[in-house]
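Subject: Structure handover

Dear colleague,

Could you read them alongside the coordinates?

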Amino acid sequence: MNIDEVNLNEQINFYNPNDKPAQLVTGQLYLAHITDVKIAEVRVRNKYKAKVYNCWVALAKENAGNMVTDANGKEIDSGKFAGRKIKSKGVFMFLNPQEGDDFEANNGANEQFLRFAECIGHEPKTIEVDIDGVKTEVLQFPNLTEGDITNKPIKVYVDKAPYRDKEGNQKEGLIVKGWDKWSDGKSLDEEVPF
């Protein structure tokens, strides 16, 4: 069929491989806002206990004008992806056991949570604690709630994430694997609606 044979009153649906939508380019930092947070306490290796912060981010309209190059060498304005939601890998905050708890401390593994808290503007306090009879300076985390995290601006590093679908087929999705501070970013709840 050629264009001369098309009835202009008939709706034509088709696939044009040259008109595929741009794919999000992995391995890039994007400006985003945290849109949803789920917090759960979990046992880790049946030895530790942690709060896990599972976050979803939406890529921000402020990405407009930031050009990224895809695998085919095509330049794409990352503003095209505004509103795209991506899940972050869980951020673990290992808990310190209190008297009567049946789990061990893993405070040295809290560096990832420290970095996350700083990136969304929640700086830890330096305090002094007694560790085995020795006064030691440590960084005390704020007890973050969903409200402390939701709507916060953040730069996110997006990468590929392999997974298996319900039928066991290997697939590839996207995940936020890292973050950085978006210093001049505004929280969504701070933005003026007009």
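A term used throughout comes first: a residue is called buried under 20% relative accessible area, exposed over 50%, and partly exposed in between, with a 1.4 Å probe and protein chains only. This is a predicted model, in which local features need pLDDT of at least 70 and side-chain atom pairs count only at pLDDT 80 or more, while totals for chains, interfaces and linings use all residues. Residues are numbered from 1 along each chain as its sequence is written, and side-chain values use heavy atoms, with hydrogens and water left out.

Aromatic residues

Rings of Phe, Tyr and Trp (the six-membered ring for Trp) are paired if their centres lie within 6.5 Å; planes under 30 degrees apart make a pair stacked, over 60 edge-to-face, and the rest tilted. The count by this rule is five aromatic pairs. One of them is the tilted pair of Tyr53 and Phe113, with 5.3 Å from centre to centre and 35 degrees between the planes. Tyr53 belongs to strand β2 (residues 48–59) and Phe113 to helix α1 (residues 111–119), so this pair ties together parts that are 60 residues apart in sequence. Helices (H or I, at least four residues) and strands (E, at least two) are DSSP runs, numbered from the N terminus. Tyr53 and Phe113 are both buried.

Phe92 and Phe94 make a stacked pair, because their ring centres are 6.1 Å apart and their planes are at 25 degrees. Phe92 is partly exposed, at 28% relative accessible area, whereas Phe94 is buried at 12%. Together with Tyr48, Phe92 and Phe94 form one aromatic cluster.

Cysteines

A disulfide is taken as a pair of cysteine sulfur atoms within 2.5 Å, and the structure has zero of them. Cys55 is in no disulfide, and the nearest cysteine sulfur to it, that of Cys119, is 12 Å away. Cys119 is likewise in no disulfide, with the sulfur of Cys55 as its nearest, at 12 Å. Cys55 is buried, with a relative accessible area of 2%, and Cys119 is buried at 3%.

Cys55 also turns up among the contacts of Ser88 (contact means heavy atoms within 4.5 Å). Leaving aside neighbours within four places in sequence, Ser88 is in contact with Cys55, Ile175, Val176 and Trp179. Ser88 sits in the loop between β5 (85–87) and β6 (91–94), and at 6% relative accessibility Ser88 is buried.

A buried histidine

Strand β1 (residues 28–44) contains His33, which is buried at 4% relative accessibility.

Positive phi

Asp132 has phi near 50 degrees, a positive value in a residue other than glycine. Asp132 is placed in the loop between β7 (125–131) and β8 (134–140) and is exposed, at 78% relative accessibility. Asn151, also not a glycine, has a positive phi near 80 degrees. Asn151 lies in the loop between α2 (146–149) and β9 (153–164) and is partly exposed, with a relative accessible area of 22%.

Regards
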